Amino acid sequence: MTTKRTDPPNVADERTLLESFLDFHRDTLALKCEGLTDAQLREATVPPSELTLLGLVRHLAEVERGWFRHVLAGEDAEPLYYSDEDPDGEFHALDKALTEESFGTWRAEVAHSRKLAAGRSLDDLGSRVRRGEREEYSLRWIYIHMIEEYARHNGHADLIRERIDGATGE
């Protein structure tokens with residue numbers, strides 16, 4: 001499979017720009033993982049860090065699920081990979097994780113996120129309890145946060161990929 005990544009437009013309305021930049025970064029993560037073996041996707045290249053490309057895919061599935069399902073839509077979206085006992089579970093037990101299943105879960109969460117955001121105003125609010133207080137977040141804030149989250153982790157993915165096989169790129 002070859003990921004096609006489209007550059008965001010230079011001029012567009014706010015929503016188009018936000019969605020385009022988020023999709024650009026989602027596609028960038030897929031590109032960073034493309035063409036690698038299962039073993040390479042599980043490789044922590046900078047010990048003692050446990051950060052791996054497969055772990056990042058699983059983490060971003062959790063992030064999509066948390067912000068769009070739980071916060072925006074108020075769904076009862078239980079964690080997929082982490083728990084109170086293992087708050088970084090998406091990066092652990094990768095020897096038991098199925099690569100295609102992990103990518104499929106991430107893609108399904110992305111698709112569900114798009115569905116939940118469709119037709120909503122950027123000013124629509126979702127909420128969650130944080131530090132014992134209920135906080136509200138606009139869809140606009142969620143989009144900006146998701147762009148930031150993917151951009152940061154794509155920087156990690158770029159370094160991991162370069163360490164694995166020397167591949168670089170934006």
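This is a predicted model: local features need pLDDT of at least 70, side-chain atom pairs count only at pLDDT 80 or more; totals for chains, interfaces and linings use all residues.
Residues are numbered from 1 along each chain as its sequence is written, and side-chain values use heavy atoms, with hydrogens and water left out.

So, helix H1. Helices here are DSSP runs of H or I, at least four residues, numbered from the N terminus. H1 covers residues 14-33. After H1 comes Gly 35, with a positive phi near 85°.

Which residues of H1 are buried? Among them are Leu 18, Leu 22, Phe 24 and Leu 29; buried means under 20% relative accessible area, exposed over 50%, partly exposed in between (1.4 Å probe, protein chains only).

Now the charges. A salt bridge is a side-chain nitrogen of Lys or Arg within 4 Å of a carboxyl oxygen of Asp or Glu, and the count comes to 14. Take Lys 32 and Asp 158, whose side chains meet at 2.6 Å, N to O. Lys 32 sits in H1 and Asp 158 in helix H5, so this pair ties together parts 126 residues apart in sequence. Lys 32 is buried, at 8% relative accessibility.

Arg 114 and Asp 23 also form a salt bridge, at 2.7 Å, N to O. That one links helix H4 to helix H1, 91 residues apart.

Terms used: Helices (H or I, at least four residues) and strands (E, at least two) are DSSP runs, numbered from the N terminus. The expected span of a helix is 1.5 Å times one less than its number of residues.
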